[in-house]
Every structure is written in structure tokens, then in C-alpha cells.
Amino acid sequence: MTLTFKTLLEITILWIVIYHILIFFEGTRAIQVLRGIIILLLAFFLFQKLNLEVLGWLLTKLFAISVIASLIIFHPEIRQGLARLGQRHRTGVNSRKQEFDYILTQTSKAVENLSKSKIGALIALEKNDPLTSYIETGAHINADVTADLIQTVFTPNSLLHDGGLVIQQGRIMAAGCLFPLTQNQDLSRIYGTRHRAALGLSEETDAVIIVVSEERQDISLVYESRLYKDLSREELFSKIKEIFKP
């Protein structure tokens, strides 16, 4: 009976630790590797309980190498996770909601102004799947989200206006980013490269992508390979809030 209680206690503690580690690295590309390491850890725990010494020894060596390699490769992600952890302690639910509403207000305002000015734009808002690999293809910015900055980035003849802008963790992380183009042959020819890039990114991630057409002056939203077109500023704001709602 004592052994059973001890085992259950160990499993509970291990589960709590794993859960908080996953939350810690949520939104970074290290999460995929971390899941693999956790599987190794669970297998090692099982082999220890079954007294499988050889398999336990092999997993111990493999686990140690994996941890060291991850610390080296994903140093930026670990630093990002630490920063986010500190932010969680400093901000409550209401303040995060207010911050998100402010970001959407600034973004939708910029999008409306760009549309009226016949200026095209492509903006990706990170949801759960990390966009770090796409951020690395553009120019690093790491600035607060403001309508003026977004409009400046997409100003014609700007060096960054042709690529995509990525908003990650409530900040404009990069601009001039390259997104994959969709291979969907059924997409109407009236849609240009920005719409194809938005659909392509939505096919690979759960990002929310906003597209402004400079030819038609319309605003579109792409999410999970679905295109929502001809949106007003208010409709865009509401749709994004609906998608990000927990």
C-alpha cells in the first residue's frame, strides 16, 4: 500500500512539473523538442519502476545528451520563456486582456488606414504555433504594436513593405518576413501574392493573418486555411477576438 501511494505521488509530482515546463516553453519552437525529451523522461521513469537496468542506462545517457543539446540550440527560446514567465507574475488576467484589446485596436486602425490609402499589407498574429522560423527570415524589430509603426512598415518604397509583419507575444517582432505560398489551385486569380502567402502560412500554422489588398482596397482575414474577405474594421476586430478567445 505504501509503495502504491509513493508511486502515485511521484507520478503526480512529475505530471505537475511537466505541465509547468510545457507552459514555460509555450509559443517557442523548442516545444517540439521538449515533448520528445519528456517522452524519454517518462520512458526512463517506467523502466526504473520495471527494473529494466540496460534500457534505463541507455535512456539516461540519451536524456543527458538531449538536455545539453537543447540548452545550446534553444538558448534564445529559453531566454524568451524566462521573460514571459516574469511577465505572468507581473500581470493579471484583466491587464492582459486590456493589452490584447489595445494591440487589436492599433492593428485594426492601421489596417483601415492602409486600406483607405490603397496600400497593401500582410500581418500575421501568432496564436499557439510558434512563428519564430518565419521571423528569422525578416528584419528584427521587437517594438510595441502601434498603428503608426505598422503603417510606416508598409509605406510604398519601404525596404520592408513587400514582406509580412509578425506580431508575437504582443510585440512587432519582425517585418519583411517570407511566408510560404499556398499550392491551392482553386484560389481565384483575383488574389495576389499576399493572399497566397497568407493562405500558405495558415496551412502550416494556426496564425491569424490579415491581408490588405492595394488593388481592391479590401481587408481580409485568413485562419485555418479559410478566407474571410471584405471585412470592416469592426468586423476584423471582433473576428480576431473570437478566434483568440480561450
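Predicted model: local features only at pLDDT ≥ 70, side-chain atom pairs only at ≥ 80, totals over all residues.
**Figure 1. The whole chain and its surface.** Residues are numbered from 1 along each chain as its sequence is written, and side-chain values use heavy atoms, with hydrogens and water left out.

**Figure 2. What the chain is built from.** You'll find nine helices and seven strands in the chain (helices are DSSP runs of H or I with at least four residues, strands are runs of E with at least two, numbered from the N terminus). Of the 246 residues, 40% count as buried (buried is under 20% relative accessible area, exposed is over 50%, partly exposed is in between, with a 1.4 Å probe and protein chains only). Take the contacts with a separation of 6 or more: 61% of them come from residues 24 or more positions apart (a contact means heavy atoms within 4.5 Å).

**Figure 3. A look at helix α8.** Helix α8 covers residues 193-204, so to speak a run of 12 residues, and reaches 17 Å from its first C-alpha to its last, close to the 16 Å expected at 1.5 Å a residue (the expected span is 1.5 Å times one less than the number of residues). Among the buried residues of α8 are Arg194, His195, Leu199 and Leu201. What covers the buried residues of α8 includes the strands β1 (121-125), β5 (208-212), β6 (219-223) and β7 (226-228), along with helix α6 (132-135).

**Figure 4. A tilted ring pair.** Searching the whole structure turns up two aromatic pairs (rings of Phe, Tyr and Trp, its six-membered ring, pair if their centres lie within 6.5 Å; planes under 30 degrees apart are stacked, over 60 edge-to-face, the rest tilted). Phenylalanine 100 and phenylalanine 244 have ring centres 5.1 Å apart and planes at 50°, so they count as tilted. Phenylalanine 100 sits in helix α5 (residues 93-116) and phenylalanine 244 in helix α9 (residues 233-244), 144 residues apart. Phenylalanine 100 is partly exposed at 24% relative accessible area, and phenylalanine 244 is partly exposed at 22%.

**Figure 5. An edge-to-face ring pair.** With centres 6.2 Å apart and planes at 85°, the rings of tyrosine 134 and phenylalanine 179 are edge-to-face. Tyrosine 134 is buried at 13% relative accessible area, and phenylalanine 179 is buried at 10%.
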